[in-house]
Amino acid sequence: MPQNEYIEESIRRHGRRLDYEERKRKRAAREAHSAATFAKTVHGLRAKLYNKKRHAEKIQMKKTIKQHEEKQATKKDAEAVPEGAVPTYLLDREGQQRAKILSNMIKQKRKEKAGKWTVPLPKVRGITEDEMFKVIKTGKHKTKQWKRMITKPTFVGEGFTRKPPKYERFIRPMALRYKKANVTHPELKATFCLPIISVKKNPQSPLYTSLGVLTKGTVVEVNVSELGLVTTSGKVVWGKYAQITNNPENDGCINAVLLV
Amino acid sequence: MATRGPPKRKKKTNPDSNVSDGSENLGNIIAQLKSVDDEPCGPPLSLPANVTPEQLQLLVNQLLNNEESLPYAFSVDETEIITSLHKDIIVGLNKSTEDVLTIVYRPQAIFKVRAVTRCTSTLAGHTEAILSVSFSPDGTQLATGSGDTTVRIWDLNTETPQFTLSGHKNWVLCIAWSPDGKVLASGSMDKTVRLWDPSTGAALGDSLLGHTKWITCLVWEPIHLNPSCTRLASSSKDGTIRIWNTKLRRTILSMSQHTAAVTCIKWGGDGLLYSSSQDKTIKVWDTKEGKLVRTLEGHGHWVNTMALSTDFVLRTGAYDHTNRVPKNEQEAQEWALKRYQEAKGTKPERLVSGSDDFTMFFWEPSTSKKPVARLTGHQKLVNHVSFSPDGRLIASAGFDNSVKLWDGYSGKFITSLRGHVGPVYQVCWSSDSRMLISASKDSTLKIWDVRTRKMKFELPGHLDEVFSVDWSPSGDKVASGGKDRQLKLWRN
């Protein structure tokens with residue numbers, strides 16, 4: 001056992017070796033290499049322990065680096081000018097919703113022409129005819145099978161009159177008819193209960209579109225006049241398209257997102 | 001019988017319409033012509049009942065021995081005669097033809113501003129929303145302040161960008177031209193005020209520090225009180241008002257009695273400073289010593305905006321429609337003082353304030369702290385009020401999508417101008433007081449004819465909300481800017 005602090009005492013008396021600093025630097029520089037060789041050759045329980053220790057070290061290192069980075073980042077933010085400038089008379093009214101340019105008639109028209117939609121739900125699950133329709137047997141002996149009942153929610157226009165029941169091929173049950181949809185505006189992050197005007201497109205098939213079947217992914221036209229959206233020429237927009245985002249047959253309501 | 005029906009009705013309506021046309025003799029009416037200041041003009045006259053304003057105008061010009069014929073507007077009991085005396089007054093107001101009518105004549109601007117109808121240029125340049133647009137007092141220069149921290153000065157002859165004045169560190173909220181047009185002041189979200197030389201685009205010194213929150217309004221001292229234009233007042237969200245000496249670059253006075261943000265300040269022509277605040281009061285300050293003169297109370301919510309009856313002459317100073325340029329400061333002061341006194345007339349300055357409580361109050365702040373009238377009618381908050389350049393009318397812009405017109409002397413409601421489909425942010429008068437332009441959230445500008453009280457033109461073109469609009473004092477241009485970052489210039 002060493003008696004007293006003889007090494008420190010010696011250093012104090014005689015100083016260090018002349019190349020002490022350089023040797024120290026070199027050793028430190030070499031450390032990564034020696035650690036790597038050790039990590040490569042070590043095996044067994046020692047390897048396990050070493051790797052665990054190294055893993056913890058690395059996490060710590062990354063955290064510190066991130067902290068430093070964040071410090072620099074916050075500095076930048078303080079100098080940056082916030083976006084969305086408003087005049088003084090609107091500054092204290094931030095609670096009020098500030099809708100952006102919502103409609104661009106030309107763009108919407110172009111989209112319609114191309115028949116292409118960049119919609120929130122680009123793909124939908126296919127629905128077979130078996131699932132969609134229930135076959136209804138008619139006739140005195142219930143032998144005829146040309147009548148179908150739609151088993152999904154539908155939208156039936158305002159002035160719709162049924163065909164005489166004898167000739168009606170598709171039955172749209174009253175209980176599954178909807179007139180309103182809960183439409184979310186994606187930018188305002190607000191939801192409104194708006195009346196449906198028409199079914200624009202059911203991606204499943206054109207037949208379903210004409211029947212007004214409301215399934216997930218269907219594009220419907222909704223009446224947005226109460227939102228007070230305006231075109232560039234100052235006219236009030238009243239019809240806008242929205243896509244259904246839920247399965248109305250499961251939920252009993254229609255949730256949709258406005259296509260802006 | 002059935003076949004005879006329709007011709008009978010025709011026969012019935014024809015004589016009726018003949019009567020209302022007034023082409024036949026409707027008898028005479030005895031009327032006394034009076035000026036606005038209640039001075040009678042000539043003896044009571046016997047006039048034909050179907051006399052038109054044009055005929056009355058000839059008559060007044062003769063009675064007053066005017067060398068050139070001047071335009072006048074005529075009214076009875078504050079109802080203007082638009083088509084003929086019979087139709088508007090006797091039928092419209094149910095007046096008896098046997099009373100002596102008092103017809104008040106008011107001189108109108110002898111020049112006419114043509115309505116702007118088309119957009120001559122859309123100037124991009126700002127990278128954020130344009131928050132304020134302002135023409136210089138002589139109408140030769142245009143400056144805009146924007147959310148991209150810069151102020152830009154535009155060349156009006158070529159309609160191109162001229163200077164970009166950068167220095168602010170946050171949104172530029174308000175700009176103000178000195179009444180001599182030689183200095184431009186800008187107030188910003190970064191709590192500072194900066195001064196610029198608009199002829200070279202250079203900054204005049206560094207920022208003026210002092211406020212602890214953003215600047216809400218800037219106003220210069222009227223040129224007839226101080227021809228060298230060295231005093232500038234700024235109000236801030238922190239509830240204080242500071243008066244700066246722009247030469248010494250120091251705060252001379254600091255007024256801090258408001259308990260909430262100051263929303264608007266106006267420097268009156270009598271040397272009083274009016275400030276409206278979110279603490280529901282309007283305070284009147286003496287600008288010599290910074291003393292509080294009186295507090296006007298009455299509003300039930302924030303006071304958003306104010307307008308003075310002499311706003312237009314205080315803004316334009318010595319410059320009028322004749323395009324003459326004063327030789328030196330003294331001359332400018334004389335001219336400005338003359339114009340101010342003409343605009344003010346014999347009565348004290350009038351002030352109107354618009355508030356979040358959906359009402360406006362009409363004050364005579366230099367004499368009393370009692371309101372003259374309370375102007376109710378808006379269904380949402382009043383965002384902007386403006387006196388017509390001749391002081392006869394007040395226009396108010398509300399968030400209820402309407403612009404309302406009020407009488408500038410009594411505060412009586414005249415009419416509501418509907419047409420916008422979004423909140424109206426700003427209104428601006430043409431310099432001849434015959435037209436009005438309004439800027440709205442619905443991305444359009446609309447021009448209203450004051451005489452017919454109808455929309456004259458609609459100016460669509462902005463892609464988003466229009467925050468600010470200004471009609472050049474010389475009358476030939478309108479500039480507007482908004483959230484779509486474009487400055488639009490409109491001409492006739």
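This is a predicted model: local features need pLDDT of at least 70, side-chain atom pairs count only at pLDDT 80 or more; totals for chains, interfaces and linings use all residues.

Modeller: Residues are numbered from 1 along each chain as its sequence is written, chains are lettered from A and ligands numbered from 1 in the order in which they are written, and side-chain values use heavy atoms, without hydrogens and water.

Biologist: Why is the pair of Y89(A) and Y425(B) called tilted?

Modeller: Rings of Phe, Tyr and Trp (its six-membered ring) pair if their centres lie within 6.5 Å; planes under 30 degrees apart count as stacked, over 60 as edge-to-face and the rest as tilted. The centres of Y89(A) and Y425(B) are 5.4 Å apart and the planes stand at 50°, so the pair is tilted. The pair crosses from chain A to chain B.

Biologist: What makes the pair of F133(A) and Y208(A) edge-to-face?

Modeller: Their planes stand at 75°, with centres 5.9 Å apart, so the pair is edge-to-face.

Biologist: Why is F133(A) called buried?

Modeller: Buried means under 20% relative accessible area (exposed is over 50%, partly exposed in between; 1.4 Å probe, protein chains only). F133(A) has 7%, and is therefore buried; Y208(A), with 4%, is likewise buried.

Biologist: How do you know that a charge sits over the ring of W335(B)?

Modeller: The term requires NZ of Lys or CZ of Arg within 6 Å of the ring centre and within 35 degrees of the ring normal. The charged end of R324(B) sits over the W335(B) ring, 3.9 Å from its centre.

Notes: Helices (H or I, at least four residues) and strands (E, at least two) are DSSP runs, numbered from the N terminus.
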